[in-house]
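Please look over the sequence and the structure shown below, and keep both in view while reading. The briefing that follows goes through the model topic by topic.

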Amino acid sequence: MVTGQLVNAAGGVAAGVALALALFSGLFILLVVLIVANRAEPDPRGMRPYTVYLFGMSFVTLQLTFAGSVLIMTALFSLIAPHYSPMGNAVAREVLIGGLFVVIAGSVWVLHMRRGIDTAGGDAGPAQPNTRVMNSYAGIVAFVYLLELILSFGIAVYLLFALIAPGVFGSLGSSRSGTLALLLDLTYIMVASAIVLMIHANLGPSVFPPRPRAEPMGATSAPAAPAAQAAPPTAPTA
């Protein structure tokens, strides 16, 4: 039987992976700052170390925010699965912990992302070191979250078959409600990963095309230049 405890364990793997990636990447932020800051590539404004810090912190806090949101949804979906003892207190604790991650880390992520984009947008000329830092950050995010989306989709397809025919594909147990809870958890991970990819589509490599930029309010398009008038016909020469 797929119990609520098993749903918490299985669904929480994604949150644990995201948290581990955040902590693991945090260990190398200082090293990356030192390497990138000492590159021979021109840095006319001298903002490259600051940009590396902004996007490095953005990646760490993005992972923490994602892990917190997955923890919240996993705790809520675990109520669908059968459980042997009341889980209200455990679910409340997990939702609170996940909410703290989302609010605190999410606020820091938004702040650093905006400052990083503004800093990279100030590059001018052929040397654009801050823009390349932003593109590298977006490429790492695209790699991590596209991989999560692919893996979650593959497991979700199998769980869908297990939900339809548990007698054939019921290796996880005979409880359809438990299978449904796992399927919903993976569906949320897929949707959240796709949203992260779309948010970063304009910053660098992404599976999604860049979103069109909105024109500022009150901006009017320049009138089209009048078409060149055709030259008057000339009389034929003898």
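Not counting residues up to four places away in sequence, tyrosine 145 touches Leu62, Gln63, Phe66, Ser193, Val196 and Leu197, where a contact means heavy atoms within 4.5 Å. This is a predicted model, in which local features need pLDDT of at least 70 and side-chain atom pairs count only at pLDDT 80 or more, while totals for chains, interfaces and linings use all residues. Residues are numbered from 1 along each chain as its sequence is written, and side-chain values use heavy atoms, with hydrogens and water left out.

**The chain as a whole**

- The chain has 7 helices and 0 strands, where helices (H or I, at least four residues) and strands (E, at least two) are DSSP runs numbered from the N terminus.
- Followed along the sequence, the chain therefore reads as the pattern α-α-α-α-α-α-α.
- Of the 238 residues of the chain, 38% count as buried; buried means under 20% relative accessible area, exposed means over 50%, and partly exposed lies in between (1.4 Å probe, protein chains only).
- The accessible surface of the chain comes to about 13800 Å², and 73% of this surface belongs to carbon and sulfur atoms; such areas come from the Shrake-Rupley method with a 1.4 Å probe, and for residues only the protein chains shown count as cover.
- Among the contacts in the chain with a separation of 6 or more, 77% are between residues 24 or more positions apart.

**The nonpolar core**

- The largest nonpolar core has 29 residues, and those with the most contacts inside it are Leu62, Tyr137, Val141 and Tyr145; a core of this kind is a set of buried Ala, Val, Leu, Ile, Met, Phe, Trp, Tyr and Cys residues joined through side-chain atoms within 4.5 Å.
- At least two residues of this core are supplied by each of H3, helix H4 (88-121), H5 and helix H7 (176-199).
- H5 gives the largest share of this core, with 11 residues.

**Aromatic pairs**

- The structure holds 3 aromatic pairs; rings of Phe, Tyr and Trp (its six-membered ring) pair if their centres lie within 6.5 Å, and planes under 30 degrees apart count as stacked, over 60 as edge-to-face and the rest as tilted.
- In one of these pairs, the rings of phenylalanine 55 and tyrosine 137 have their centres 5.1 Å apart and their planes at 35 degrees, so the pair counts as tilted.
- Because phenylalanine 55 lies in helix H3 (residues 48-77) and tyrosine 137 in helix H5 (residues 129-164), the pair ties together parts that are 82 residues apart in sequence.
- Both phenylalanine 55 and tyrosine 137 are buried.

- Valine 60 is found in helix H3 and counts as buried because its relative accessibility is 11%.
- The C-alpha atoms of valine 60 and tryptophan 109 are separated by 8.2 Å, although the two residues are 49 residues apart along the chain.
- Threonine 65 also lies in helix H3 and is buried, with a relative accessible area of 15%.
- Leaving aside neighbours within four places in sequence, threonine 65 is in contact with Phe101, Val102, Ala105 and Gly106, and its C-alpha atom is separated by 9.0 Å from that of serine 107, 42 residues apart along the chain.
- Serine 69 lies in helix H3 too, counts as buried at 13% relative accessibility, and is in contact with Val102 and Tyr188 when neighbours within four places in sequence are left aside.

**Arginine 45 and threonine 119**

- Arginine 45 has its place in the loop between helix H2 (29-37) and H3, and at 37% relative accessibility this residue counts as partly exposed.
- With neighbours within four places in sequence left aside, arginine 45 is in contact with Thr119, Gly122, Asp123 and Asn130.
- The C-alpha atoms of arginine 45 and asparagine 130 are separated by 9.5 Å, with the two residues 85 residues apart along the chain.
- Threonine 119 has its place in helix H4 and counts as buried at 8% relative accessibility; its contacts, leaving aside neighbours within four places in sequence, are Arg45, Met47, Tyr50, Thr51, Leu54 and Asn130.

**An exposed residue**

- Isoleucine 104 is found in helix H4 and counts as exposed, because its relative accessibility is 55%.
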